[in-house]
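Colleague: I would like to learn how to read a structure like this one, beginning with the ligand and then moving on to single residues. Could you take me through it step by step?

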Amino acid sequence: MLARSIFLTGCSRGLGLEMVKQIHPFTETLIATCRNPETASELRELAEEHSHIKILPVDVLNHETFGDVAEEVSSIVGEQGLNLLINNAGISPRSTRINFVTPEAMAETFAVNTTSPLMLTKALLPLLKAGASSDVDEDSDFCIKNAAIVNISSVLGSISNNMGDRSGGLYPYRCSKAALNMVTRSLSSDLNPFNITVISIHPGWVRTDMGGPNAPLSSQESIESLISTLKELTFDKSGLFFNQNGEEIPW
Ligand SMILES: NC(=O)c1ccc[n+]([C@@H]2O[C@H](COP(=O)([O-])OP(=O)(O)OC[C@H]3O[C@@H](n4cnc5c(N)ncnc54)[C@H](OP(=O)(O)O)[C@@H]3O)[C@@H](O)[C@H]2O)c1
């Protein structure tokens with residue numbers, strides 16, 4: 001088992017949907033969120049087949065709704081709290097070269113990729129603290145016995161790696177993921193006293209709507225590796241940046 005309860009954003013398609021498919025056997029409660037459940041037919045089918053998958057409508061841009069979201073999550077997970085938050089929802093605008101980048105694209109991408117994971121973490125923090133301190137038996141087979149926050153980042157947010165042949169451009173996406181990595185690092189310091197592990201993970205370059213058809217990995221391959229890596233997640237890894245195989249990526 002991975003964790004007793006898990007909350008996941010952006011589950012309508014792509015990597016989020018694949019995570020729901022592959023993670024649900026390893027948890028007691030999976031809260032799968034998406035902005036429009038009516039159109040997320042595959043997700044709805046999964047929830048109809050498996051009663052421990054609960055769908056909640058969450059548009060990560062609607063920060064003002066996060067208090068209500070936290071109340072709903074609390075009513076689902078109860079006093080045991082929340083054990084794993086995966087901030088997955090993300091966008092990557094098309095026109096991102098220096099001549100085409102706009103303030104609007106920068107602001108919107110930051111709102112989704114950086115501000116939302118931080119604000120959602122803030123709203124769910126009491127539940128994560130409860131999850132981190134609830135009595136999970138040391139002998140239980142949950143890999144995450146306390147609580148963890150996993151920010152789905154990208155190697156394109158690595159400042160060190162932004163050199164050589166495939167460097168430059170992609171201003172909104174690269175900057176928002178570099179800033180998300182700083183969110184990870186600061187949260188890891190702030191939440192250290194509460195036994196909450198915080199990491200950034202790059203899922204690999206994957207054939208989704210965002211990754212495009214030329215990416216080397218299928219969603220299934222990426223998420224299989226990512227789940228294996230999460231099963232090895234320990235508190236001493238908090239504040240670090242990994243790829244889906246668990247190899248550390250330089251900031
Ligand atoms: N694919 C890759 O190669 C790759 C590489 C590195 C990192 N990543 C990261 O992996 C994560 C998932 O990417 P993906 O490849 O699965 O992308 P995708 O196929 O484009 O899916 C993006 C998901 O995010 C959701 N989303 C976007 N804006 C949202 C909002 N305002 N509120 C709620 N949900 C929202 C989308 O929901 P709707 O269906 O409602 O639009 C969709 O479920 C992202 O954080 C991305 O940056 C991907």
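Predicted model: local features only at pLDDT ≥ 70, side-chain atom pairs only at ≥ 80, totals over all residues.

Colleague: How far is an oxygen atom of the ligand from the side chains of Tyr173 and Lys177?

Modeller: For Tyr173, an N or O atom in the side chain is 2.5 Å from an oxygen atom of the ligand, and for Lys177 the corresponding distance from a side-chain N or O atom to a ligand oxygen is 3.0 Å. As for the ligand's surface, the ligand taken alone exposes 900 Å², and the protein buries 93% of that.

Colleague: Where does the ligand sit, and which residues come nearest?

Modeller: The space that the ligand takes is the largest pocket. Around the ligand there are 28 residues, of which Ser12, Arg35, Asn88, Tyr173 and Thr208 come nearest. When the shell is sorted by class, it has twelve nonpolar, eleven polar and five charged residues. Helix H1, residues 14-23, and helix H5, residues 171-191, each supply at least two residues of that shell.

Colleague: Is Thr33 buried or exposed, and in which element is it found?

Modeller: To decide, we compare the relative accessible area with a cut-off, and a residue counts as buried when the value is under 20%. Thr33, found in strand E2, which covers residues 27-34, has a relative accessible area of 0%, and therefore it is buried.

Colleague: What does the side chain of Ser153 contact, and where does Ser153 lie?

Modeller: Ser153 lies in the loop between strand E5 (147-152) and H5, and a polar contact of 2.8 Å joins its side chain to that of Asn181. Ser153 counts as buried because its relative accessible area is 2%. Between Ser153 and Leu127, which are 26 residues apart in sequence, the distance in space is 23 Å, C-alpha to C-alpha.

Colleague: What should I notice about phi in Leu170 and Asn195?

Modeller: The general idea is that most residues other than glycine have a negative phi. Leu170, in the loop between E5 and H5, has a phi near 50°, which is a positive value in a residue other than glycine. Asn195, in the loop between H5 and strand E6 (196-202), likewise has a positive phi, near 65°. Leu170 has 26% relative accessibility, so it counts as partly exposed, and Asn195, at 36%, also counts as partly exposed.

Colleague: How should I read Pro37, and why does it count as buried?

Modeller: Pro37 has its place in the loop between E2 and helix H2 (41-49), and it counts as buried because its relative accessible area is 13%. Pro37 and Val155 are 118 residues apart along the chain, and their C-alpha atoms are separated by 30 Å.

Colleague: In which helix is Ser225 placed, and how far apart are the C-alpha atoms of Ser225 and Cys175?

Modeller: Ser225 is placed in helix H6, residues 219-231. The C-alpha atoms of Ser225 and Cys175 are separated by 26 Å, while the two residues are 50 residues apart along the chain. With a relative accessibility of 22%, Ser225 counts as partly exposed.

Technical notes:
Residues numbered from 1 in each chain as written. Heavy atoms only, no water. Near = heavy atom within 4 Å. Polar contact = N/O pair within 3.5 Å; in protein donor to acceptor, adjacent residues only side chain to side chain. Areas by Shrake-Rupley, 256 points an atom, 1.4 Å probe, with all protein chains shown as cover. 1 Å grid on protein atoms, 1.4 Å probe; cavity = no way out; pocket = protein on both sides within 12 Å on 5 of 7 lines; lining within 4 Å. Sits in = over half its atoms within 2 Å of the grid points. Helix = DSSP H or I, 4+ residues; strand = E, 2+ residues; numbered from the N terminus. Nonpolar A, V, L, I, M, F, W, Y, C, P; charged D, E, K, R; others polar. Buried < 20%, exposed > 50% of the residue type's maximum accessible area, 1.4 Å probe, protein only.
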